[in-house]
Amino acid sequence: NFGESKVLKQANMLRDNNLYPFFRAIEASEATTVTVGGVKQIMIGSNNYLGLTHHPEVQEAAIKAIEKYGTGCTGSRFLNGNLTIHEELEEKLARYLGHEQAIVFSTGMQTNLGVLGAICGPKDCMIFDSENHASIIDASRLAMGTTFKFKHNDMESPEQVLQDNVKRFKNTTIVADGIFSMTGDILNLPRVIELAEKYGAMVYVDDAHGIGVLGDRGRGTMDHFGLTKKVDFNMGTFSKSFASIGGCISGDRETMDYVKHTARSFMFSASMPPSAVATVSACIDVILKDETIHQRLWENVKFMQDGFKEIGFHTYNSETPIIPIFIGHDLKAMQVTSFLQDKGIFCTPVIPPAVPGGESLIRTSYMATHTKPELSLVLEAFAEAKKEFD
Ligand code: PMP
């Protein structure tokens with residue numbers, strides 16, 4: 001009887017108290033603002049870092065692709081679902097990222113499941129950060145190899161694991177997020193590369209939140225550190241800065257060819273729809289053309305980081321457009337979210353099991369296209385929330 005499950009009991013309790021913050025239906029969207037229940041709200045709960053979902057050139061490209069190829073591919077890349085624009089996008093991504101070859105998947109989650117499943121066989125192992133995304137955790141359950149976890153961004157513990165185990169396995173891969181999705185901090189990639197070189201391990205970066213954001217023109221965490229050529233696998237998603245849906249992996253040509261012939265989520269699932277492919281391709285064009293987009297993004301990030309600090313919020317070590325606001329108790333996080341919603345702010349709480357008990361937070365994130373008046377309203381609402389709930 002699933003109605004008796006803890007999760008549904010908790011959901012129903014929140015619904016009864018008008019505090020349920022999930023599955024809010026958005027009636028209209030202009031990227032930085034959305035309409036919910038007939039009321040316009042400022043969106044600070046999305047991953048649309050560059051605000052490109054509503055860029056006219058991006059929208060036009062998606063429409064044209066539907067006109068040319070239809071709305072879906074109705075099959076896997078392997079068989080009938082491989083369009084010329086998939087291959088053109090892969091070439092464009094490889095050039096943009098600085099790797100030999102890129103492969104596009106239908107989602108970022110499928111990319112992690114498929115690639116990690118393919119490269120971590122029964123004789124292999126992966127070592128990963130405890131705060132990695134859920135799709136990496138699921139990938140480790142699906143992969144036939146052994147998994148070791150290390151404490152978040154603590155570079156001592158993986159060294160111990162590497163020392164103890166590397167000789168027992170054929171291939172060892174260190175897997176970590178480039179930007180951690182909840183706390184917004186950046187992976188210590190130089191140290192990861194150092195360890196990988198010392199122990200002969202491969203490096204896999206899930207750069208879902210770094211691609212489009214960090215590095216020169218958004219080339220990601222590996223570019224941010226000048227370590228592109230040292231990363232064996234760079235994973236990205238198109239569900240954030242690239243304003244669509246889909247995922248990608250890049251690396252050397254031969255390894256990518258192997259992935260193409262072994263990643264089950266690539267082979268046994270239909271390919272990215274044409275409109276999504278064209279969207280991502282147009283996003284890269286806009287990013288390469290628009291000299292100001294990243295400047296505007298980082299100006300907004302600084303404005304909000306300074307603003308939150310001035311109000312007195314704890315924002316972890318965030319150095320990125322993801323700014324988590326520490327709240328503490330999970331019920332309080334729901335109450336603050338509801339309070340902010342009444343003030344016209346759309347944001348989302350992050351509660352256990354996504355974070356440890358007592359460490360609930362509100363995950364806020366910012367776009368290049370947010371205006372200063374929008375951001376000032378957000379800060380005013382948070383300042384009122386602090387007075388109300390502290
Ligand atoms: N990795 C990370 C770090 C993510 O944050 C996400 C999405 N939240 C994914 C992978 C999965 O990406 P997608 O939405 O494309 O499935």
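Predicted model: local features only at pLDDT ≥ 70, side-chain atom pairs only at ≥ 80, totals over all residues.
Salt bridges come first. Side chains of opposite charge can pair when their charged atoms come close. The model holds 17 salt bridges. One of them joins Lys40 and Glu30, with the closest N and O atoms 3.1 Å apart. Lys40 belongs to strand E3, which covers residues 39–43. Glu30 sits in the loop between strand E1 (26–29) and strand E2 (33–36). The two residues are ten apart in sequence, so the pair ties together separate parts of the chain. Glu30 has a relative accessibility of 47% and therefore counts as partly exposed.

A second salt bridge is formed by the side chains of Asp285 and Lys92, at 2.7 Å from N to O. This pair links distant parts of the chain. Asp285 lies in helix H11 (residues 274–289), and Lys92 lies in helix H3 (residues 84–97). The separation between them is 193 residues. The partners differ in cover. Asp285 is partly exposed, at 36% relative accessible area. Lys92 is buried, at 16%. The value for Lys92 is under the 20% limit for a buried residue.

Asp216 and Arg219 make a further salt bridge, and their closest N and O atoms are 2.8 Å apart. Asp216 is partly exposed, with a relative accessible area of 46%. Arg219 is buried, with a value of 18%. Elsewhere, salt bridges with shared partners connect Glu159, Arg191, Glu194 and Lys198 in one network.

Arg363 presents another case. This residue is part of strand E14, which covers residues 360–365. Arg363 is buried but has no salt bridge. The nearest side chain of opposite charge is that of Asp177, 9.4 Å away. A salt bridge requires a side-chain nitrogen of Lys or Arg within 4 Å of a carboxyl oxygen of Asp or Glu. Arg363 does have polar partners. Its side chain makes a polar contact of 3.2 Å with the side chain of Tyr49. A polar atom of the Arg363 side chain also lies 2.7 Å from the backbone oxygen of Ser181.

Two surface patches follow. The negative patch consists of Glu100, Asp232, Asp252, Glu254 and Asp257. Of these residues, Asp257 is placed in helix H9 (residues 253–262). Its relative accessibility is 41%, so Asp257 counts as partly exposed. The nonpolar patch has an area of about 340 Å² and is made by Phe2, Val7 and Leu8. Val7 lies in helix H1, which spans residues 6–16. Val7 is exposed, with a relative accessible area of 58%. That value is over the 50% limit for an exposed residue.

The backbone shows several local features. The peptide bond from Pro352 to Pro353 is cis, and its omega is near 10°. Pro353 is found in the loop between strand E13 (348–350) and E14. Strand E14 is also the place of Arg363.

Asn153 is not a glycine, yet its phi is positive, at about 50°. Asn153 sits in the loop between strand E6 (146–150) and helix H6 (157–165). At 21% relative accessibility, Asn153 is classed as partly exposed. Arg217 is likewise not a glycine and has a positive phi of about 50°. The loop that holds Arg217 runs between strand E8 (202–206) and helix H8 (221–224). Arg217 is partly exposed, with a relative accessibility of 22%.

A last pair concerns distance along the chain and in space. Ser376 and Met304 are 72 residues apart in sequence. Their C-alpha atoms are 8.6 Å apart in space. Ser376 is located in helix H14 (residues 372–389). With a relative accessible area of 27%, Ser376 is partly exposed.

Conventions:
Residues numbered from 1 in each chain as written. Heavy atoms only, no water. Patch = residues over 30% accessible without salt bridge, like charges linked within 9 Å, V, L, I, M, F, W, Y side chains within 5 Å. Areas by Shrake-Rupley, 256 points an atom, 1.4 Å probe, with all protein chains shown as cover. Lys, Arg positive; Asp, Glu negative; His and termini not counted. Charge placed at Lys NZ, Arg CZ, Asp CG, Glu CD. Helix = DSSP H or I, 4+ residues; strand = E, 2+ residues; numbered from the N terminus. Buried < 20%, exposed > 50% of the residue type's maximum accessible area, 1.4 Å probe, protein only. Polar contact = N/O pair within 3.5 Å; in protein donor to acceptor, adjacent residues only side chain to side chain.
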